[in-house]
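Here is a briefing on one structure. Please look at the sequence and the model before reading on.

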Amino acid sequence: MLASSGDNLLPHDHCGPSAYDDPGTPEEITRRTFMANATLTLGGIIGLGLAIPLVGSLIPKVGAGTSAWEPLDEAGWKALQSATDKPVKIDFVLKSKDAYLPEQSSPESVWGVKVDFERFKKARPDLYGSDTKAHVPYPAVNLGFAVFSPICPHLGCRYNYNADAGKFLCPCHGSQFSKEGEHLAGPAARGLDPLPLREQNGQAEITWIRYAPTTPDRIVVSYTS
């Protein structure tokens, strides 16, 4: 006679003992718990160790930026000193370094212009007005000059000075700026970004700063480091 299905399928509590059902001795339980916790802790430490450099690399080094000065080309600096109110393009070598790569050098340039301070102050309310987010934490004019980043604050193109128009013109999207860097026309959300300037032992030096584009606020993206 065939056995019924109920005769072949015994309830679980009628089965014989299994190794998976045996929790082990108290000592084994303690040892397994310790190993599991140690593994989780070690994994967390390794993950944190990897995360810190990655996150840190995205944060501008504000302290380093304020003390990193790049010498301007001597001939360009002399040309600026000899100029009246015509902007002068000045070359320099930008040096940069991070925690993972050796120091890199690349040619760069800035625009310098001799300015009347009172006129400059009136033309650039974005630097001297009530909106502190647009201000810069250094003198926008020093030694009687303003030095501008060559990067258009709209989308990062390189603008040029048009002597016939007497303006800075961006070829990419048509933004226009006065000799004082005042925004005159086009889609740029602010005027040109001045850079820190100083004279050290007879040599002109600047600090290179990149500001975020497309916003009226001056948000630091990176410093020379």
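**Strand pairing around β10**

β9 and β10 run antiparallel and are joined by 4 bridges. Two strands count as paired if DSSP finds at least two bridges between them. Helices (H or I, at least four residues) and strands (E, at least two) are DSSP runs, numbered from the N terminus. The model is predicted: local features need pLDDT of at least 70, side-chain atom pairs count only at pLDDT 80 or more, and totals for chains, interfaces and linings use all residues. Residues are numbered from 1 along each chain as its sequence is written, and side-chain values use heavy atoms, with hydrogens and water left out.

- β9 and β10 form a hairpin with 2 residues between them. N201, in the turn, has a positive phi of about 55°.
- R198 has E205 in β10 as its bridge partner. The side chains of R198 and E205 also meet in a salt bridge, at 2.8 Å from N to O. A salt bridge here is a side-chain nitrogen of Lys or Arg within 4 Å of a carboxyl oxygen of Asp or Glu.
- E205 is buried, with a relative accessible area of 10%. R198 counts as partly exposed at 26%. Buried means under 20% relative accessible area, exposed over 50%, and partly exposed in between (1.4 Å probe, protein chains only).
- Strand β1 (residues 70-71) runs antiparallel to β10, and 2 bridges join them. P71 of this pairing stands opposite E205.

**The open sheet and its helix**

- An open sheet is formed by 3 strands in the order β2-β3-β4, with antiparallel pairing.
- β2 (88-96) and β4 (145-148) stand at the edges, each with a single partner strand, so one side of each is left without a neighbour in the sheet.
- Neighbouring strands of this sheet are turned by 35° against each other on average, direction ignored. Axes are lines fitted to C-alpha atoms, for helices over the stretch in contact, and angles run from 0 to 180 degrees between N-to-C directions.
- Strand β3 (residues 104-114) pairs with β4 in the antiparallel sense over 4 bridges. W111 stands opposite F148 in β4.
- Helix α4 (residues 74-82) packs on the sheet and touches β2, β3 and β4. The direction of α4 makes about 145° with that of β2. Contact means heavy atoms within 4.5 Å.

**Nonpolar core**

- The largest nonpolar core has 40 residues. Such a core is a set of buried Ala, Val, Leu, Ile, Met, Phe, Trp, Tyr and Cys residues joined through side-chain atoms within 4.5 Å.
- V110, F148 and I206 have the most contacts inside this core.
- At least two residues of the core come from each of α4, β2, β3, β4, β10 (203-206) and β11 (209-211).
- Leaving aside neighbours within four places in sequence, I206 is in contact with residues including W69, F92, V110, V147 and L195.

**Other salt bridges**

- The whole structure has 9 salt bridges.
- E74 pairs with K78, the closest N and O atoms being 3.4 Å apart. The two are 4 residues apart in helix α4, which means about one helical turn separates them. E74 is exposed at 54% relative accessibility, and K78 is partly exposed at 47%.
- R158 pairs with E108, the closest N and O atoms being 2.9 Å apart. R158 lies in the loop between β4 and β5 (160-162) and E108 in strand β3, so the pair ties together parts that are 50 residues apart in sequence.
- E108 counts as buried at 12% relative accessibility, while R158 is partly exposed at 36%.

**R190 and its network**

- A network of salt bridges links R124, D126, R190, D193 and R218.
- R190 lies in the loop between β8 (183-185) and β9 (197-200). R190 is buried, with a relative accessible area of 4%.
- The side chain of R190 reaches the backbone oxygen of T215 at 2.6 Å.
- Not counting residues up to four places away in sequence, R190 touches residues including P153, F177, H183 and Y211.

**P87**

- P87 sits in the loop between α4 and β2 and is buried, with a relative accessible area of 4%.
- Beyond neighbours within four places in sequence, P87 is in contact with W111, G112, V113, Y161, F168 and K179.

Terms used: Polar contact = N/O pair within 3.5 Å; in protein donor to acceptor, adjacent residues only side chain to side chain.
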